[in-house]
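Have the model open while you read.

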Amino acid sequence: MTTVAEGAVKRLLTSETTASLRTRYEGSNICTWIGFKHINYLVEEAILCHFADADLPARALYAEAGLGVDIVDLDTRILHALYMDETVQARVVPTAGDDDSFISFTVSLHADRDGADTKVVGANAKVVLRSDSYVEAAGEPPAELARFVTDRLSTPGAVAPEPPELTGADLMAVTTSLSAGRGTSGPDPVLDLLTSGKNAFGWKWRIPYPYCHFSERLQMSSYLRQMEEVVDLFLADRGISVKTLLDERRWIPACPHSRIQILDEALMEEDLYTVYTVENVFKDFTYTSRMDCYVVRDGRLVPTATGKVTHGYALIENRRDWNLINFDERVSKALRGES
């Protein structure tokens, strides 16, 4: 693909599209409510449908032009719950400026609520086209798309955390691997370095191929899975695991907002160090946390992603209804890292 269909890029950058999408059964983990990760998957799917509607489908861009469609920034607010077996209308509006090096969109998901068309999710996303260098050289991209093409993933304008310097002992621990296999949240010198002095939890994890795309790199949907799982591990580490509070109180975590920005590439079978830090607890009702991801490469820690997530707790009243509730002292102390 050295050229694209006439008008395709103009449609991609200026035309609004609407897609009818259905919630995924896999995302219904608690009663029939859909979790934040699968809500973000709907946003991703809406963007891919927009590319296809502009005659620039992701498969053709990769197979014919060596360009991978990669979401590098995804900021999503959940305004109302979504449910199993629900169909939403996903509206995608392009927002890229004339000089932007990324393709940006606002995405809104709409559903029927008591007979009214209701916006249930709002998101902003940035997309780049990653030139393939793994299977074969991609060659020159179509001129109309060239400004969006990059040879390495990153989010323009994103602020990366400043990682600490690694010592020889730290690097020895990496090479001898205290977490040979799938990973650890236990004693690890690099995790200790990253979490020292913070209200934080660290997790070391080997990146498996099912979390990657285009043959080599971790994708945005996998960082969403990483965010969900590190929260699960953090809560268990603080003695308030998801199952514990479900069994004792019928409380579930509720997530109204998340954002993830890719800063650099994380590659298949690298060890990913994920640090989850609680930053603020608001009036014992919601708390905001930061997720930072790193790999050790060439003797130093390289930030690969950063994110923010807000959580509260909801009380399950029955199989259909829930209500947000305030934290009690036990949960507040656990979140703040107090004994």
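1. A term to start with: a nonpolar core is a set of buried Ala, Val, Leu, Ile, Met, Phe, Trp, Tyr and Cys residues joined through side-chain atoms within 4.5 Å. Keep in mind that this is a predicted model. Its largest nonpolar core has 85 residues, and F51, L109 and Y223 are the ones touching the most other members. Residues come from both domain 1 (1-153) and domain 2 (158-338), so this core lies between the two.

2. Take F51 as a way in. Beyond its neighbours within four places in sequence, F51 has contacts that include L12, L56, P57, L61 and V69, along with I103, F105, V127 and L129. There is also a second, separate core of nine residues, with V190, Y273, V275 and L301 among them.

3. Next, look at strand β10 (residues 200-206). Six of its seven residues are buried, so β10 is largely enclosed by the rest of the structure. Its partner is strand β14 (residues 271-282), with the two pairing in the antiparallel sense over seven bridges. To get your bearings there, find A200, which stands opposite T277 in β14.

4. Now the largest pocket, with a volume of about 800 Å³. Its lining counts 33 residues, and G35, F36, P253, A254 and C255 lie nearest the centre. Which element gives the largest share of that lining? That is α6, with six residues. Elements supplying at least two lining residues each include β2 (28-30), β3 (33-34), α2 (36-53), α6 (220-237) and β13 (251-262), as well as β16 (300-316) and β17 (322-325).

Technical notes: Residues numbered from 1 in each chain as written. Predicted model: local features only at pLDDT ≥ 70, side-chain atom pairs only at ≥ 80, totals over all residues. Heavy atoms only, no water. Buried < 20%, exposed > 50% of the residue type's maximum accessible area, 1.4 Å probe, protein only. Domains from an automatic or database assignment. Contact = heavy atoms within 4.5 Å. Helix = DSSP H or I, 4+ residues; strand = E, 2+ residues; numbered from the N terminus. Pairing = 2+ DSSP bridges. 1 Å grid on protein atoms, 1.4 Å probe; cavity = no way out; pocket = protein on both sides within 12 Å on 5 of 7 lines; lining within 4 Å. Points joined across faces, edges and corners; volume = space filled by probe spheres on them.
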